[in-house]
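Hi everyone, thanks for having me. Today I'd like to walk you through one protein model, piece by piece. Let's bring it up on the screen.

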Amino acid sequence: MIAKVLLGRSVIVDIAPPIEFVGWKMATGTRVPWHDGGSNSLAQAFAKCDQELAGHIGSRKVVLTQFRPKSVAAEVAQLRWRHYLVYWSATVASRIAGGDQRNFVEMGVCDGLTAWFASRARQSSKCGGEFFLYDAWEEMRSDLLTASEASSVGSYAYLNIENTQRNLALCGDDSFVFNKGYVPESFSHSRNPESLAWIHIDLNSSMPTIASLDYFWDRLLPGGLVLLDDFAWPGYEETRVEVEKWLQSRGLDILQFPTGQALIAKR
Ligand SMILES: C[S@@+](CC[C@H](N)C(=O)[O-])C[C@H]1O[C@@H](n2cnc3c(N)ncnc32)[C@H](O)[C@@H]1O
């Protein structure tokens, strides 16, 4: 029997059941890592973290202003594969050699949703170092966007850093460093790590993405990971093109996922 699955708001596709996951423009019938609570310790830790966050969202202790209030739980559930990849990469990066040099960086924090998963992964692996969070927490500026990205001018004007700080306070992680300001100019006045184990780049814009790679790549420890959120997403083609040029100039490879995310490992 074939099931009709709604992907996004309007695309309907026919898929043979069983369907284990629907969300972020994909529907899959393969077993998900968190199936029945997960069959290995990393997947189990992720499932626990995901459920804990869902509980906080349900009780409105965590407020995600980027989603419509009525559909926030459903929207976050559709991001589960994305969040699993955040959690997985953060856990693996937490375990590389480096002690307190294993800082974490997130470029593009918004309400703190992906930072939540990365923080939980760090805590679960008892990773040393600090977690540096960079965001303008202001509207996106035209001079930091290319012509093809111009439709993003003014996005995220509604963000409020205090809301993000309240959300992340529930993590019980005292290692957060909030760096408010526009990337890349904020590097000159932020407190920046000298070394790091993991960086998540989710800036929805190509120029600040490349500036972040340029700024942090040499500081990334051997075995450290870069997770890109926007790599293969329609509307962010320029990010992929510029990242591919950047990789080529350094002889690096990238692992792309069906979620549109992509991973670079430092040798
Ligand atoms: C897609 S959101 C990040 C979502 C977040 N990673 C999550 O899923 O929880 C993109 C963020 O990038 C920030 N941003 C975009 N361009 C920026 C820039 N040049 N400097 C600083 N922040 C920027 C926006 O304010 C917004 O919060």
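Let's start at the ligand, where 19 residues sit around it, and the ones that come nearest are Gly 108, Cys 110, Leu 113, Val 183 and Asp 202. Please keep in mind as we go that this is a predicted model.

Seven strands build an open sheet with mixed pairing, and their order is S7-S6-S5-S8-S9-S11-S10. At its edges you'll find S7 and strand S10, residues 255-256, each of which pairs on one side only. For anyone new to this, strands of a sheet pair through backbone hydrogen bonds, in either a parallel or an antiparallel way.

Let's zoom in on two of those pairings. Strand S6, residues 131-135, and strand S7, residues 176-180, run parallel and are joined by five bridges. To get from S6 to S7, the chain passes through helix H5, residues 161-169, in a right-handed β-α-β crossover. You can look for Phe 131, whose bridge partner in S7 is Phe 176. Next, S5 and S6 also run parallel, with four bridges joining them. Here Val 105 has Phe 132 in S6 as its bridge partner.

For contrast, let's visit Gly 55, in helix H1, residues 41-58. Is Gly 55 buried or exposed? Gly 55 counts as exposed, because it has 11 C-beta neighbours inside 10 Å, and the cut-off for exposed is 12 or fewer. Gly 55 and Ala 73 are 18 residues apart in sequence, and their C-alpha atoms are 9.5 Å apart in space.

Finally, let's step back to the domains. The protein is divided into domain 1, residues 1-30, and domain 2, residues 78-265. Taken over C-alpha atoms, the centres of the two are separated by 29 Å. Where they meet, four residues of domain 1 are in contact with seven residues of domain 2. On the domain 1 side of that contact, three residues are nonpolar, one is polar and none is charged.

Definitions and conventions:
Residues numbered from 1 in each chain as written. Predicted model: local features only at pLDDT ≥ 70, side-chain atom pairs only at ≥ 80, totals over all residues. Near = placed C-beta within 6 Å. Pairing = 2+ DSSP bridges. Helix = DSSP H or I, 4+ residues; strand = E, 2+ residues; numbered from the N terminus. Right-handed = clockwise from strand over helix to strand, strands pointing away. Domains from an automatic or database assignment. Contact = placed C-beta atoms within 7 Å. Nonpolar A, V, L, I, M, F, W, Y, C, P; charged D, E, K, R; others polar. Buried ≥ 20, exposed ≤ 12 C-beta atoms within 10 Å, placed from the backbone.
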